[in-house]
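Open the model in your viewer and keep the sequence panel beside it. We'll go from stop to stop, with something to select at each one.

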Amino acid sequence: MTNSNQRPVEPDIVSDFSDRLSYSGYLSLDGLLAQQRPLSQPPHHDEMLFIVQHQVSELWIKLVIHELTAAIDKIRRDRLPPTLKILSRVKLIQMQLFEQWSVLETLTPSEYMEFRSVLGSASGFQSFQYRKLEFLLGNKNLDNIKVFMHDAAIYEDLTCTLNAPSLYDEFLRYLARHGYRIPGECRDRNWSTPHSRNEALVEVFRDIYRNPKQHWVAYEMCEKLVDVEEYFQLWRFRHLKTVERIIGSRHGTGGSSGVGFLRQALELTFFPELLASRTEAPRE
């Protein structure tokens, strides 16, 4: 007799994987699930949470980098419509990164202090993927890659990204190719430095927002960029509040001032003219 509270296995479901690719094999789960190795002795229960939280974040960031790299390439080739789809996906990934902090917030100060010492000088500041993500979005700072000099491959990759146009830089160059009055200093400059607000660009974006039907694709792209910046800042703020909740005003493991250092990042902006065009009255 079949149990009414049991789903029968359909006869066509494959069960023999002796000579075919399995779910575990495709995802390399043997290797992936072996990477959670608590260092506390005896292993503290909550260290597993801390490790998984950060590993999952790195996986999501890897995907964001993958998507933004594709977006930059499409903009260079004047393919803006597909870029909009990519940035919509990026926003949803950012939402996942934001929500993850709520899980880590279940870690109390006393629980964290039980295993904090095993981190040594390890810190999120040393996340080369996070640094690359910031560079792709335009937050360029040569000093931020000094901590990666011990790894030649990573240092070279970050240096290349530092010296290449960011997502915003490529969008401005796209606009210039399509007849918008983009200042020369925005089209060709030292890409290793962050973009600085340009008043002429404010007027360009103000006109796009005044006439969205006339500039629909550019208008949509502006909104996607605002989404990306907003959710990045929300992620930064949630990071700050999570750290504040767990360690208070203690210094970070990597030597930073902790919450104070994270708070400074909230003042950084990727696309300043997009917000300025909203807050300043349009010219008659």
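Before you click on anything, one term: buried means under 20% relative accessible area, exposed means over 50%, and partly exposed is in between, using a 1.4 Å probe and protein chains only.

Some ground rules for the tour. This is a predicted model, so local features need pLDDT of at least 70 and side-chain atom pairs count only at pLDDT 80 or more, while totals for chains, interfaces and linings use all residues. Residues are numbered from 1 along each chain as its sequence is written, and side-chain values use heavy atoms, with hydrogens and water left out.

**The whole chain**

Switch to cartoon and colour by secondary structure. You'll find 13 helices and 0 strands; helices (H or I, at least four residues) and strands (E, at least two) are DSSP runs, numbered from the N terminus. The C-alpha trace spans about 75 × 55 × 40 Å along its principal axes. Of the 284 residues, 41% count as buried.

Among contacts between residues at least 6 apart in sequence, 70% join residues at least 24 apart.

**Helix 6, from the inside**

Select residues 128-137, which make up helix 6. How many of its 10 residues are buried? The count is 9, so helix 6 is largely enclosed by the rest of the structure. Step past the end of helix 6 to Gly138, where phi is positive, near 115°.

Next, select 167-177 for helix 8, which is mostly covered, with 8 of its 11 residues buried. Among the buried ones are Asp169, Glu170, Phe171 and Tyr174. Just after this helix, Gly179 has a positive phi of about 90°.

Back up to Ala164, in the loop between helix 7 and helix 8. Ala164 counts as partly exposed because its relative accessibility is 22%. Which residues does Ala164 contact, leaving aside neighbours within four places in sequence? Lys140 and Trp191. Draw a C-alpha to C-alpha distance to Trp191: the two residues are 27 apart in sequence and 5.7 Å apart in space.

**Along helix 11**

Select 216-247, helix 11, and centre on Thr242. Thr242 counts as buried because its relative accessibility is 1%. A polar atom of the Thr242 side chain lies 2.8 Å from the backbone oxygen of Arg238. Beyond neighbours within four places in sequence, Thr242 is in contact with Trp101, Leu104 and Glu105.

Glu230 is in helix 11 too, but here the label is partly exposed, because relative accessibility is 42%. Draw another C-alpha to C-alpha distance, from Glu230 to Ile247: 17 residues apart in sequence, 26 Å apart in space.

**Helix 13**

Select 272-279 for helix 13, where Pro272, Glu273, Leu274, Ala276 and Ser277 are buried. Their cover includes helix 8, helix 10 (199-210) and helix 11.

**Cysteines**

Show the cysteine sulfurs. A disulfide is a pair of cysteine sulfur atoms within 2.5 Å, and a search of the whole structure finds 0 of them. Cys186 counts as buried because its relative accessibility is 4%.

Finish with the backbone. Most residues other than glycine have a negative phi, and most peptide bonds are trans.

- Ser28, in the loop between helix 1 (23-27) and helix 2, is not a glycine but has a positive phi of about 55°. Ser28 counts as partly exposed because its relative accessibility is 46%.
- Asp78, in the loop between helix 3 and helix 4 (80-104), is another non-glycine with a positive phi, about 60°. At 35% relative accessibility, Asp78 counts as partly exposed.
- Gln41 and Pro42 are joined by a cis peptide bond, with omega about -5°. Look for Pro42 in the loop between helix 2 (29-32) and helix 3.

Notes: Contact means heavy atoms within 4.5 Å. A polar contact is a pair of N or O atoms within 3.5 Å; within protein, one must be able to donate a hydrogen and the other to accept it, and residues adjacent in sequence count only if both atoms are side-chain atoms.
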